[in-house]
Amino acid sequence: MARILVIEDEQDLQNVLAYNLRAAGHEVVAALRGQEGLRLARARRPEVVLLDLMLPDLPGTEVCKALKADPALRDVPVVMLTAKGEEVDRVVGFELGADDYVVKPFSVRELILRIQAVLRRAHPQPETVPTFAFGCLRVDAAAHRVWVEGDEVELTALEFRLLLTLYERRDRVQSRATLLDVVWGIEADITTRTVDTHVKRLREKLRAAGAYVETVRGVGYRFAGSPDEEGR
Ligand code: CA
């Protein structure tokens, strides 16, 4: 689900696009003119722009150029809607920083797939670690299970999240404030002392593997970069 700005002067086509994009779960903001589209882009901060090349007031290439020149909008993917025979403009569109294009008449299904692809490229998913072994620690993240030296350890959902967060960022110090933000989310009634309490409990539960969670004095915590550097 994304907010999509459609800049298309053919009202029928705009309606079809808006209808289908909404049906696919997206939020649609629509403009019939280039200037209006630019104004809406600045006001509504879309996550994708569908941009017709032939607009009555301003060519799509100029709209694209203006979007890419705006620091607040330059990372917003632009998908150009072009007509057959606009090969030259199509190339120009890419030179201007357009992220993809579809040639009219296009299937709406194809367009939606293209939009999903540019969204994925624009917002890559963080790397996830479904299962891993680290020294005497073994974790199955999908199943929420943890073993130390072959024995299963029961962790609360929060302790599990804390362990995964530290592991995913291993070898890098995480401040208490960062851990609060990532593991707990922002809540008013918890303090950085909460982090210390939970790390202490997590370490105790992890027994031998608890040594992988190191205290960095005055800063926060760090998961060891490799299992054999404990006590260094
Ligand atoms: Ca047009």
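Helices here are DSSP runs of H or I with at least four residues, strands are DSSP runs of E with at least two, and both are numbered from the N terminus. In those terms, proline 105 lies in the loop between β5 (100-104) and α5 (108-122). The model described below is predicted.

## Overall make-up

The protein contains eight helices and twelve strands. It has 232 residues, of which 45% count as buried. Among contacts in the protein with a separation of 6 or more, 55% are between residues 24 or more positions apart.

## Calcium site

Three residues of the protein supply donors to the calcium ion: Asp9 (OD), Asp52 (OD) and Met54 (O). These donors lie 2.1 to 2.3 Å from the ion. Along the chain, the donors follow the spacing D-x42-D-x1-M. Aspartate 9 is in the loop between β1 (3-7) and α1 (11-23), while aspartate 52 is in strand β3 (residues 48-52), so the two together tie parts of the chain that are 43 residues apart in sequence.

The two aspartates can also be described by their accessibility. Aspartate 9 has a relative accessible area of 27% and is partly exposed. Aspartate 52 has a relative accessible area of 3% and is buried. The cut-off behind the second label is a relative accessible area under 20%.

## Packing of α2 and α3

Helix α2 (34-44) packs with helix α3 (residues 60-69) at an angle of about 20 degrees, and the axes are 10 Å apart. That angle makes α2 roughly parallel to α3, because angles under 35 degrees count as roughly parallel. The crossing of α2 and α3 is right-handed.

On the α2 side, the contact is made by Gly34, Leu38, Ala41 and Arg42. On the α3 side, Val63, Ala66 and Leu67 take part. By class, the residues of the contact of α2 with α3 are five nonpolar, one polar and one charged.

Which angle do the axes of α6 and α7 make where they cross? Helix α6 (residues 157-168) and helix α7 (residues 176-184) cross at roughly 125 degrees, and their axes come within 10 Å. The crossing of α6 and α7 is right-handed.

Leu158, Arg161, Leu162, Thr165 and Leu166 are the α6 residues that meet α7. Their partners in α7 are Leu179, Val182, Val183 and Trp184. The contact of α6 with α7 has seven nonpolar residues, one polar and one charged.

Histidine 198 sits in helix α8. Not counting residues up to four places away in sequence, histidine 198 touches Leu158, Leu162 and Trp184. Leu158 and Leu162 belong to the α6 side of the α6 and α7 contact, and Trp184 to the α7 side. Histidine 198 counts as buried, with 16% relative accessibility.

## Arginine 170

Arginine 170 lies in the loop between α6 and β10 (174-175). At 31% relative accessibility, this residue counts as partly exposed. Arginine 170 and glycine 225 are 55 residues apart in sequence, and their C-alpha atoms are 5.6 Å apart in space. Leaving aside neighbours within four places in sequence, arginine 170 is in contact with Phe134, Phe223 and Ala224.

## Backbone exceptions

Most residues other than glycine have a negative phi, and most peptide bonds are trans. The bond joining lysine 104 and proline 105 is a cis peptide bond, with omega about -5 degrees.

Two arginines have a positive phi. For arginine 45, phi is near 50 degrees, a positive value in a residue other than glycine. Arginine 45 lies in the loop between α2 and β3 and counts as partly exposed, at 49% relative accessibility. Arginine 207 is not a glycine either, and its phi is positive at about 45 degrees. Arginine 207 is found in the loop between α8 (192-206) and β11 (213-216). Its relative accessibility is 44%, and arginine 207 counts as partly exposed.

Definitions and conventions. Residues are numbered from 1 along each chain as its sequence is written. This is a predicted model: local features need pLDDT of at least 70, side-chain atom pairs count only at pLDDT 80 or more; totals for chains, interfaces and linings use all residues. Side-chain values use heavy atoms; hydrogens and water are left out. Axes are lines fitted to C-alpha atoms, for helices over the stretch in contact, and angles run from 0 to 180 degrees between N-to-C directions. A crossing is left-handed if the near helix is turned anticlockwise from the far one by less than a right angle, and right-handed if clockwise. Contact means heavy atoms within 4.5 Å. Ala, Val, Leu, Ile, Met, Phe, Trp, Tyr, Cys and Pro count as nonpolar, Asp, Glu, Lys and Arg as charged, and the others, Gly among them, as polar. Donors are N, O and S atoms within 2.8 Å of the metal (3.2 Å for Na, K and Ca); water is not among the atoms, so sites may look incomplete. Buried means under 20% relative accessible area, exposed over 50%, partly exposed in between (1.4 Å probe, protein chains only). Angles under 35 degrees count as roughly parallel, over 145 as roughly antiparallel, 65 to 115 as roughly perpendicular and the rest as oblique.
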